[in-house]
Amino acid sequence: MANTAQLLRRQSSRDIVLKSQKSIDQLELRELRGRLVSKEHGVGHHHHTSLHHHQPMYGATNQGFMSDAFDESSELEQEPAFGSEASTSKAKAELVAGALEQQQDIVEGEKEGEERESWDSKIMFLLATIGYAVGLGNVWRFPYLAQKNGGGAFLVPYFIMLCIQGIPIFYLELAIGQRLRKGAIGVWSQVSPYLGGIGISSAVVSYIVALYYNTIIAWCLIYLLHSFESPLPWADCPTRLYANYTYDHEPECVASSPTQFYWYRTTLQCSESVDMPENFNYHMAIALMVSWFLVYICMVQGITSSGKIVYMTAIFPYVVLIIFFFRGITLKGASDGVAHLFTPRWETLLDPVVWLEAGTQIFFSLGLAFGGLIAFSSYNPANNNCYRDALLVSLTNCGTSMFAGVVVFSVIGFKATATFDRCTEERNGLMAMNRTQNLPVCDLQRELANSASGTGLAFIIFTEAINQFPGAQLWAVLFFLMLFTLGIDSQFGTLEGVVTSLVDMKLFPNLPKEYIVGGLCATCCLISMCFANGAGSYIFQLMDSFAGNFPLLVIALFECLSISYIYGVRRFSDDIEMMTGSRPSFYWMFCWKYLSPCAMVTILLASFYQLLTEGSSYPAWIAAKGSTDSMEWPHWCIVAAFFLILSSILWIPIVAVLRLCGIKVVEDSDPAWFPEAELREVHGIVPHEPTELERSIFCFNMDGTEGMCCPKYGLPEKSLEEEE
């Protein structure tokens with residue numbers, strides 16, 4: 001929706017006397033204040049209701065939106081005490097009313113449903129963003145990668161990739177969402193009509209990832225429900241009744257372990273390959289329906305209500321991690337586990353795969369390119385310090401990964417030490433019986449290295465360690481409740497990117513947002529039934545390996561290139577200075593234009609090379625062996641993988657080509673209302689003179705243009721002050 005007050009200002013400058021300009025400025029500032037208050041605090045009310053006093057809310061009384069005009073406009077809200085003051089106030093009110101009548105068709109364009117929601121407080125935004133960025137990968141992916149790729153030495157490429165790829169793109173997404181005040185589709189369409197496909201690609205990949213990510217939440221719900229049983233169902237092998245009416249332990253469980261058997265055979269009901277789905281898993285289907293219903297309940301009221309839920313979902317995992325930390329460090333062998341995690345093996349830094357996995361982990365742990373960060377920041381006040389938010393959330397995410405690594409490996413150290421002690425005791429017993437052949441080999445370091453990542457770490461390794469805790473039920477409840485909250489608040493951010501894009505595109509203009517959320521969750525729930533069978537876990541691995549991997553790298557690469565070479569680094573830096581009061585440093589501009597794109601291209605090429613040379617496989621559960629075997633994906637899975645990748649990224653060239661042919665996939669929309677003139681005045685912004693270094697490195701020209709940039713489209717209109 002176009003900025004009504006700004007359009008009024010343009011028209012009135014031609015038709016109304018200069019004295020009316022001051023009153024309309026006051027109207028614009030009051031409209032700005034109303035736009036940044038949630039619906040329950042004023043959004044959706046008519047203009048005359050904004051004259052009433054209300055409790056200041058986040059964004060409404062922020063200093064970036066205050067000016068002397070507010071003090072002057074407050075005179076209109078007070079009851080005059082003298083006749084002269086009354087006549088003056090009446091004249092001002094009549095003047096504003098006259099201007100509104102002249103532009104009634106424009107004012108009527110501001111419908112109540114088109115007001116954008118806003119966060120109730122800054123802490124709610126930070127918790128929602130941290131909850132979105134900090135997910136299950138911090139707990140079950142980072143510790144495995146660290147101990148596998150050099151221990152403490154892995155932190156070197158990890159933090160280098162954080163600085164040249166993670167924080168710059170995180171900063172970019174927060175800033176562009178706050179500046180253009182739309183979802184991913186609206187943002188990139190406004191940067192250029194030819195780039196609308198970037199937003200569609202983000203929405204598609206978010207939808208696909210949300211499909212299988214909610215499956216993890218369903219698994220956590222199953223384990224959480226059974227954690228209240230005593231004894232825990234995965235603590236011992238189940239028994240089987242034979243034809244001669246005798247009982248014995250399940251042979252498949254004896255060949256593996258109780259935790260493996262419960263995971264593969266009881267929970268997943270795994271078949272022996274992805275080509276054999278076997279029976280429908282009713283328990284899994286019910287868990288999926290419950291998990292999607294919970295997501296719907298949490299999202300249906302929008303960010304002002306679901307944002308309040310993040311107070312629990314974002315804080316509770318840290319409470320549980322702290323509890324497990326103090327429990328873990330008191331266990332026997334905890335120091336061995338932590339030492340194994342962080343002992344540096346510097347020779348691994350020469351392995352390019354280590355750098356590849358560090359860059360990949362940074363990229364996906366921050367939740368980049370999903371569109372969720374852009375959607376979240378679009379609800380912020382226009383003068384929010386997005387730079388500080390980017391640093392805070394990114395460093396919190398990485399700190400959480402390292403802290404979770406300490407917690408996980410203190411428990412793994414305890415499990416490995418217990419296994420090593422049993423092995424040593426058995427070996428000593430055999431030697432005491434003068435047996436010297438076929439003795440068990442006891443190796444503590446091998447046990448420590450025998451950890452898994454992903455679901456194997458959470459549902460097999462960690463649960464086996466919890467079995468040995470006193471009061472195992474309590475620790476199991478805390479652990480799986482933590483995984484549930486970690487998963488569901490990341491799911492909020494992923495789906496919010498889809499919902500915001502659908503709302504901003506106005507694909508369903510007559511449907512309220514809660515109906516859009518309901519339809520989205522219902523279709524996801526229906527499609528996710530493909531995970532409720534014997535091959536469901538294999539389909540999950542297929543989607544996780546391909547759908548949530550390559551497309552995100554391609555989308556983030558195009559985001560970076562679009563800002564650097566189409567929108568322009570100089571213009572983008574001007575916008576950030578206008579919003580925050582401080583200009584991005586040379587380092588961030590260099591990352592956006594050169595370093596970050598080069599890092600992403602390198603990771604993409606290395607990933608494709610690794611895929612072509614090493615291939616891709618999945619671990620299939622073989623019941624006769626009681627273990628997993630690596631199996632190659634069948635041809636139809638390879639085709640499905642290519643379909644998942646192409647269905648996400650092909651929107652980028654398709655939208656551009658169709659636009660060149662005159663076909664609009666994404667309809668043009670007016671720029672969102674933005675208080676550019678007021679922010680410049682508040683921060684005292686003056687035109688930036690490029691330094692000699694900036695002119696030589698970034699091709700900045702003295703006339704304000706920028707070299708190595710394509711022509712810009714859809715530039716916002718100049719304000720009246722700039723025209724004058």
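Trainee: Is Cys 699 buried, partly exposed or exposed?
Mentor: Cys 699 is partly exposed, because its relative accessibility is 21%. Buried means under 20% relative accessible area, exposed means over 50%, and partly exposed is in between (1.4 Å probe, protein chains only).

Trainee: What kind of model is this, and how is it numbered?
Mentor: It is a predicted model: local features need pLDDT of at least 70, side-chain atom pairs count only at pLDDT 80 or more, and totals for chains, interfaces and linings use all residues. Residues are numbered from 1 along each chain as its sequence is written, and side-chain values use heavy atoms, with hydrogens and water left out.

Trainee: Back to Cys 699. Where is it found?
Mentor: In the loop between helix H30 (692-698) and helix H31 (720-723). Helices (H or I, at least four residues) and strands (E, at least two) are DSSP runs, numbered from the N terminus.

Trainee: What about the phi of Cys 699?
Mentor: Positive, about 60°, although Cys 699 is not a glycine. Ala 369 also has a positive phi, near 75°, and is a residue other than glycine.

Trainee: Where is Ala 369, then?
Mentor: In the loop between H17 and helix H18 (372-378).

Trainee: And why does Ala 369 count as buried?
Mentor: Because its relative accessible area is 0%.

Trainee: New topic. Which residues does the cis peptide bond join?
Mentor: Ser 230 and Pro 231, with omega about -5°. Pro 231 lies in the loop between helix H11 (196-226) and strand S1 (239-241).

Trainee: Now the surface. Which residues make the nonpolar patch?
Mentor: Ile 638, Phe 642, Leu 646, Leu 650, Trp 651 and Ile 654, at about 510 Å². Areas come from the Shrake-Rupley method with a 1.4 Å probe; for residues, only the protein chains shown count as cover.

Trainee: Which helix gives the most to that patch?
Mentor: H27, with three residues. Helix H27 (635-649) and helix H28 (651-660) each supply at least two.

Trainee: And Trp 651: buried or partly exposed?
Mentor: Partly exposed, with a relative accessible area of 32%. Trp 651 lies in helix H28.

Key
Patches are made of residues with over 30% relative accessible area and no salt bridge: like charges are joined within 9 Å, nonpolar side chains (Val, Leu, Ile, Met, Phe, Trp, Tyr) within 5 Å. A salt bridge is a side-chain nitrogen of Lys or Arg within 4 Å of a carboxyl oxygen of Asp or Glu.
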